[in-house]
Amino acid sequence: MQAVVFREPYAVAVEDVPKPSVKPYDVLIRVESAGVCGTDIHLMEGGYEPKYPLIPGHEFAGVVVEVGPGVTSCKPGDHVTVDPNLYCDRCYYCRRDMQNHCEAWEAIGVTLPGAFAEYVAVPEASVHHIGSLTFTEGAFVEPLSCVVYGQRRARVRMGDSVLIHGAGPIGLLHLQMAKHSGCANVTITDLRPERLDLAKQLGADYVLHAGEADVDGALREIEPRGFDVVIDATGVPAAV
Ligand SMILES: [Zn+2]
Ligand SMILES: [Zn+2]
């Protein structure tokens with residue numbers, strides 16, 4: 001099969017590689033759609049201590065084409081997406097329900113072969129059915145899950161005023177989630193006018209160009225006493 005392979009920083013190539021083999025509790029998926037995440041860019045640049053050669057891609061959806069003999073919850077033909085994070089469920093942190101600190105953490109497309117390929121093999125326990133969603137929508141399930149969890153922690157409540165820095169894919173998902181949570185208004189900032197236009201279309205009450213001379217003044221005009229919830233979706237230290 002063909003796959004995108006990172007062999008060293010800034011070296012991206014499409015190569016012929018062996019099709020993944022299917023272990024007893026594995027599911028082989030034909031990838032139909034995959035998103036490019038900021039993490040993929042970092043891995044390409046050599047960040048996150050990548051184990052090269054690496055096939056990236058951890059936000060994806062596709063069709064099940066083969067299952068191992070132990071698999072019971074999906075079958076060839078099913079439309080699915082995948083939680084790329086694999087926890088050991090044995091270490092100190094996993095036993096304390098703190099899997100994000102897992103001492104043996106692996107992730108499809110980060111430490112294991114990912115979905116920028118024709119096929120990817122994943123453990124059955126990581127597979128989720130997407131029903132009638134399109135494959136493009138299915139590829140958004142992973143980033144949207146991160147946003148859902150983030151807003152649970154941020155506790156956006158009915159009537160809140162929300163400020164989101166950054167109108168990229170994650171910021172725009174936060175915007176739509178906040179609107180569904182019954183907040184009073186959402187303000188969103190970005191440097192790219194076309195992203196702010198899209199934010200408007202997706203329901204932003206106020207959009208603000210982050211390069212404007214007096215951003216703080218403009219924000220104070222919208223919410224003189226400050227915002228109830230502020231979300232940074234830029235990843236830029238200066239924004240924090
Ligand atoms: Zn990601
Ligand atoms: Zn663990």
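Leaving aside its neighbours within four places in sequence, with which residues is Val-122 in contact? In this predicted model, where local features need pLDDT of at least 70, side-chain atom pairs count only at pLDDT 80 or more, and totals for chains, interfaces and linings use all residues, residues are numbered from 1 along each chain as its sequence is written. Side-chain values use heavy atoms, with hydrogens and water left out. Val-122 is in contact (heavy atoms within 4.5 Å) with Tyr-25, Asp-26, Val-27, Ile-29, Phe-60, Val-82, Ile-108 and Val-127.

Val-122 is also, together with Val-27, Ile-29 and Phe-60, among the residues that touch the most other members of the largest nonpolar core, which has 15 residues. Such a core is a set of buried Ala, Val, Leu, Ile, Met, Phe, Trp, Tyr and Cys residues joined through side-chain atoms within 4.5 Å, buried being under 20% relative accessible area with a 1.4 Å probe and protein chains only. At least two residues of this core come from each of the strands E3 (26-34), E4, E5 and E8 (119-123), strands being DSSP runs of E with at least two residues, numbered from the N terminus.

Strand E4 (residues 60-67) runs antiparallel to strand E5 (residues 79-82) and is joined to it by three bridges, where pairing requires that DSSP finds at least two bridges; Gly-62 stands opposite Val-80. E5 also pairs with strand E9 (residues 127-129) in the antiparallel sense, and Thr-81 stands opposite His-128.

Key: Chains are lettered from A and ligands numbered from 1 in the order in which they are written. Helices (H or I, at least four residues) and strands (E, at least two) are DSSP runs, numbered from the N terminus. Buried means under 20% relative accessible area, exposed over 50%, partly exposed in between (1.4 Å probe, protein chains only).
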